[in-house]
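Thanks for coming. I have one structure to go through today, so let me put it up.

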Amino acid sequence: MAYVATRGGERAIEQAERLYREALGPITPERVAELRLALPLLVDRVMGEASLYDPDLAALALAQAGGDLYEAVLLLRAWRTTQPRLTIAEPVRQAEILTHRRISAAFKDIPGGQILGPTLDYAHRILATEVMEGETFTPAPVTPAATPAPARQPSLADWQRANGLVADPPRSEVAPDDIPDVTREPLLFPASRAHSLQSLARADTGGLLALGYSAMRGYGNAHPTVNELRLGEAEVMVRHPSGALFSAGRVRVSQAEVTSKGKSGLLDLGFCATFGWNEVKVIAGATLDLNASGAAKGSPVEEEFVLYHTEPVEASGFCIHFKLPHYVTFQSSLDALRGAKTAEKDEVPA
Amino acid sequence: MTLSTLTRPWAAISWGFLDASAKREMRRKMIKAIAVPGCQMPYASREVPMARGWGTGGLQVTLTLLRTDSVVKVIDQGADDSVNAASIRRFLSRVSAAAETWDTLEATLIQSRHRVPEERLREDQVLVLQVPNPEPLRPVQPNMSIARQMHADADYGRLWLVLYEQMVRSGRIMQGAAYPALVNGRHVMTPSPIPRWDVPKLHMARHLTFLSAGREKRLYAVPPFTRVEPLVFSDVPYKVEDHADLVCHRSGLRGVFMNEIPQDGGGSAFEASDSHLGIKAIRRAEGAATTIGPMWYEEGRFRP
């Protein structure tokens with residue numbers, strides 16, 4: 001069958017996949033464990049974008065994808081979406097987060113104190129080339145503080161609210177089961193607050209940075225001040241069928257609140273939180289949230305523009321789909337093009 | 001009574017991949033889509049084990065429609081063994097008991113990217129078209145929330161304007177594939193990037209067509225015997241691609257949509273885009289017993 005012989009797609013795709021996997025080599029539990037240990041911030045980033053908190057599965061996804069972040073996020077999301085939702089955890093309140101790091105750029109000192117926590121912010125970024133010469137880079141031991149920082153820290157916005165500096169919007173009490181879930185419903189605009197914050201939490205880090213940075217450079221209307229940046233661990237409190245609340249474990253979370261002077265004479269706040277520790281993402285996300293209100297349709301900081309274009313699985317998938325054959329559409333355009341050319345010739349005889 | 005008697009044994013994935021709650025949402029949205037032909041229904045659009053933009057919308061509809069006695073055909077640009085079609089078909093049979101086929105006549109469920117088969121579809125067949133961009137208004141209004149309002153108002157003036165401007169600038173309508181069409185006299189839809197050649201096949205058809213965009217989270221439908229009218233001016237007839245007189249250099253088929261294959265030294269050869277129809281024509285020429293069903297086009301003319 002001459003027609004078939006020139007094709008043979010099924011065999012080709014199988015061998016192409018084998019070629020890719022062969023280059024990665026066998027994936028062992030040891031490799032996954034080592035990845036989880038060695039790359040906690042990458043694991044955090046993938047868990048945040050996948051909306052699935054499971055460092056082992058995230059490390060497995062990274063191993064399987066050979067470190068391709070978009071592939072890893074897709075693997076986790078496709079797994080996550082098939083899992084049943086057993087229960088909805090209690091909301092995490094800021095003042096209850098076990099805080100490792102919490103800083104504010106708005107004040108020199110804040111109630112609860114500036115807690116630097118683990119950071120490379122003030123480190124000199126020098127590549128430890130001695131490792132390549134056979135030496136081990138051993139980090140210097142930490143000297144514990146004389147008085148440890150309190151594990152829980154108040155929210156700075158609470159202080160600002162008490163001092164009449166920020167608006168205190170009326171709070172609507174929504175039963176946890178009734179909170180809209182963007183993974184089970186389409187995202188429509190104007191979006192509910194829950195959908196906006198959920199979309200920011202699972203947005204592409206690089207995408208939020210690009211758009212957030214454009215807002216910071218002047219394409220937005222509000223210049224952010226970091227009101228509070230916090231890295232911590234949150235207890236996942238769920239209710240047992242017997243009625244008792246218990247902690248099902250802890251998840252690493254990061255959150256940023258940025259602020260600027262609003263039109264009403266009060267401070268406006270922008271907020272973003274995500275699974276895992278990812279400071280760039282939450283600062284950029286909070287900046288975009290701050291800029292969203294009142295932004296013109298189609299501007300790079302308007303909510304619909306931001307949220308549709310920073311969806312990592314959708315954006316990366318569509319980008320790579322252009323590799324698929326498009327010869328039918330192309331043929332159709334070609335036909336119109338030639339038709340127009342012929343018509344032109346007919347009109348102006350040589 | 002123990003827990004295990006109340007549940008089914010654990011399985012890594014559900015039958016047909018999607019879990020029951022995802023399928024329930026799909027069914028509801030698909031029924032709504034049938035009820036309001038051509039109207040885009042937003043849906044959650046779960047992630048599936050394929051990249052967005054690679055047929056995930058069509059896949060979710062197909063997975064929801066799958067039954068144990070389904071016979072599925074998957075084509076990409078008309079070809080059954082195109083790499084992505086092969087991958088989707090393999091996935092479908094992997095997660096269900098569905099049988100695979102290349103033959104349009106045997107299929108009960110056809111998932112397609114950018115083509116409608118050349119053999120007529122019957123009332124017992126469902127066509128699922130993969131849709132990259134479900135919004136016909138996108139070229140004139142990239143904002144989805146505003147476009148949704150325009151559909152509600154049947155505000156399609158700017159689409160007509162685009163077509164008119166093409167006439168003025170180029171002397172003809174330049175829209176290639178994805179020609180916008182009015183469905184049931186109410187909603188303008190994009191038929192997905194099928195060639196203009198294929199749009200009449202949806203008009204008053206016997207089969208049901210679903211169009212689903214996974215990345216954009218919208219699905220819509222053309223139920224059987226529903227009007228699908230391409231937007232045209234009353235004095236400028238709708239023009240399909242000029243393929244009526246081309247001959248397939250492999251199968252000898254004529255009067256079907258063709259792929260153009262550039263040849264060394266200039267010039268082009270043509271081959272039937274509906275690859276399995278081509279195979280059947282070759283088999284028939286070789287004397288094998290082969291059934292070619294009734295066609296939408298006869299001698300290059302669409303037969304209503």
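Two strands pair if DSSP finds at least two bridges between them, and strands (E, at least two residues) and helices (H or I, at least four) are DSSP runs numbered from the N terminus. What you see is a predicted model, in which local features need pLDDT of at least 70, side-chain atom pairs count only at pLDDT 80 or more, and totals for chains, interfaces and linings use all residues. Residues are numbered from 1 along each chain as its sequence is written, and chains are lettered from A and ligands numbered from 1 in the order in which they are written.

Chain A to begin with. Strand E2 (residues 225–239) runs antiparallel to strand E3 (residues 245–261), with 13 bridges joining them. Within that pair, Glu235(A) stands opposite Arg250(A) in E3(A). The hairpin of E2(A) and E3(A) has five residues between the strands, and Gly243(A) in the turn has a positive phi of about 110 degrees.

E3(A) also pairs with strand E4 (residues 267–275), antiparallel, over nine bridges. Here Ser260(A) is opposite Asp268(A) in E4(A). This hairpin too has five residues between its strands, and Gly265(A) takes a positive phi near 85 degrees.

Now the interface. Counting a contact as C-beta atoms, placed from the backbone, within 7 Å, 54 residues of chain B are in contact with 43 residues of chain A. Four elements of chain B each supply at least two residues of that side: helices H4 (83–94), H5 (144–152) and H7 (275–285), and strand E11 (258–262).

Conventions: Two residues are in contact if their C-beta atoms, placed from the backbone, lie within 7 Å.
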